[in-house]
Amino acid sequence: MERPLTLPGLILPARSEAPPRDVPGGLILSGREVTLHHPFGFTRFYRHGWQSWSPTGWVELGAPPVPIDPPIRRTQAEDPVYAASRLPGGSGLGALESGDGRLLLLGALGIGARVEADGATLRGFYEEGSGEWFAGYSDEETVFARYAELLGDRLGRRGHGPPSRVWCSWYSFYQGISEEILTAVLDDLRGFPFQVFQIDDGWQIDVGDWEPNARFPSGMEALARRIEAAGFTPGLWLAPFLVRPSSRLFRDRPEWLLRDEQGRPVLAGFNWGDFTYALDTTHPEVAGWLVDLIRRVGGWGYRYLKLDFIYAGALPGARRERIPREAAYRQALAAVHETAPDAYILACGAPILASLGIADALRVGPDCAPVWNNEARARNLHDRSGPAALNALRTTLHRLWLLRLVHVDPDVVYFRSRDNQLTSRQRAYLRDLALITGYKGTSDPPAWLDREERDALRIFLETTPRVRRLGRYRFGLDDREADFSEIVAV
Ligand code: 9PG
C-alpha cells in the first residue's frame, strides 16, 4: 500500500505491505519489500558490505558503483549476487545523509535482505519471504543505536564481557607455521598479558582435511596443552564451510559440495593457488561431519575458534534443504555453537547480519597488512578489500555500530619495525582503533621486537581507555583524541 510515512521531522511517501508501527526514533514496517521516496536527491549513501571483508562506508549516490575486477574476486569480497549491480546497495541496511546532520536509515530486522538507493528512493527487499524493517530518521549515533537495539532484540546479542587479547600466527608467519616455530613463540610470550594464543592457517593437511600436517608431528592436542600450560586459551583457525580441490574431502565426497541449479559446483573464490568450493551444510552428512569436526577440535582442547571464509555457507545454490541461503548459513553456524557451547567463536569472512546472536566476535574488515595501501588494486581493480592497513581501518570504522551487538575485531595491530612498511603514525591508527573496539590482536612474535616495541605491546594490552564518540571519525580515548577523518576521505 502506498501511504505517507511520518518520521519526526520528515513525511515520506512510502510503499509497504502493512501499516507502520511507531517505535522510539522511527517506525517498524513489514513486508517483502518497502520503498521510501526520499527528498535528499543525490546525497551520500551508507553502503554496508555483506561479509567481513566487503567494503563498507559512505558512497556518492550519483556515482554508480564500479564492480571489483577480476570477477572471481567479487565472490570473495562481496555478495556475488549483487557484486555487479549498477545501483548503490548494501547488505541488510542502508542510510542516506539528509544534509542537515540527520540520517534516514532503512534496515532489515531479519536476515537475507538488501537495501538499494538512488536519487529518489531507498528500497529494501528480502531475497526470499518477508520480514520486518526499521525506518529511522535522526542523528547518526541515535539512528544506528535504535536499529542495533531492534536487531539485537530479534537476532540476539553476544560478546558479553571484555573482548579478547589475542596472539594470532597469521600476520607474521602466514602459512609457514610449525610446531617448533609456535612453541618458540609461546615460550617468548610468557608473561605478556594475552588471553588467547591462536594458531592460524597452516596447521591443517588441506582446506577440507582438518587434521594436522607433518609440521605438527606431536599433534594438535599436545600443542593445545602447551598453550594452556603457558597460561593462554588455545585458539584454532578453521574454514569449515570451504573446500580446496586438492583435498581428500573434495575427491571423496563430491556429493557434499554446494551446486547450482545445473548441478555444477558453486565457486567460492580463488585462494591458496586454486579455485575453492563450498559445502552444502544442509546435506545431513555434511551437518554430521561438521559436528564431528567441531567436537574433534574441542576434544583437542581448542576453546577459541576462528571460523574463516564462512560466507561460503551462504552462497547461492541449490541446497538439499530449500531454505534461504542466509538461513542455511545461520543454521550451520548455530550447529557449531551448539556443538561447542563454551567455545568463543570469531566469525571471519562472515556474513555480518546473519552471524549476529551466534558468533561472539565478528571480523568487520578485510585483512590488515604491514603496508598502508594496496593502491594498484584499489585504483585499477576497484578493489578496496585487499590486505592493507588502510582498507582494514576504513571498513572497520564504518561498522562500529555493531559494538552494541557483538565483539568487533578490527584485525591485528603491529608493534614491530621488522618486515613492516607502516609508519609509526599508521601503526598508531591501528592501535587506537583496537582500543576503541577493545579487541586487541597482534601477530608480532616478541623475538621480532626490540625493547621499546615490547614495552609498547605490553602497555597496549594493559590499557583500557574510556572511549567516547565525538564525531563520525573522532573519538575520545581517556583525555586524548583519536581522529581518523583524514584517512577515510571518500
Ligand atoms: C588465512 C587468512 C587469515 C586472515 C583471514 C583470511 O579475499 N581473499 O583472497 C582473502 C584471502 C585471505 C584472507 C582474506 C581474504 O585472509 O582474514 O585473518 O586467517 O584467511 O588464510
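A polar contact here means a pair of N or O atoms within 3.5 Å of each other. Keep that cut-off in mind as you click around this predicted model.

**Stop one: the ligand.** Select Gln76 together with the ligand. An N or O atom in the Gln76 side chain lies 2.5 Å from an oxygen atom of the ligand, so the pair falls within the 3.5 Å cut-off for a polar contact. Then pick Asp308, whose side chain has an N or O atom 2.8 Å from an oxygen of the ligand. How much of the ligand does the protein bury? On its own the ligand exposes 460 Å², and the protein buries 90% of that.

**Stop two: the shell.** Show everything around the ligand and you get 16 residues, with Arg73, Gln76, Asp200, Asp201 and Asp367 the closest. Colour them by class: 7 are nonpolar, 2 polar and 7 charged. Two elements each give two or more residues to the shell: α1 (71-77) and α3 (170-173).

**Stop three: the domains.** Colour domain 1 (2-155) and domain 2 (165-488) separately. Why does the ligand lie between them? Because both domains give residues to the shell around it.

Go to Pro70, in the loop between β7 (57-60) and α1. The peptide bond joining Asp69 and Pro70 is cis, with omega at about -15°. Next, jump to His382, in the loop that runs between α10 (375-380) and α11 (389-397).

Definitions and conventions:
Residues are numbered from 1 along each chain as its sequence is written. This is a predicted model: local features need pLDDT of at least 70, side-chain atom pairs count only at pLDDT 80 or more; totals for chains, interfaces and linings use all residues. Side-chain values use heavy atoms; hydrogens and water are left out. A residue is near a molecule or strand if one of its heavy atoms lies within 4 Å of it. A polar contact is a pair of N or O atoms within 3.5 Å; within protein, one must be able to donate a hydrogen and the other to accept it, and residues adjacent in sequence count only if both atoms are side-chain atoms. Accessible areas come from the Shrake-Rupley method with a 1.4 Å probe; for residues, only the protein chains shown count as cover. Helices (H or I, at least four residues) and strands (E, at least two) are DSSP runs, numbered from the N terminus. Ala, Val, Leu, Ile, Met, Phe, Trp, Tyr, Cys and Pro count as nonpolar, Asp, Glu, Lys and Arg as charged, and the others, Gly among them, as polar. Domain bounds come from an automatic or database domain assignment.
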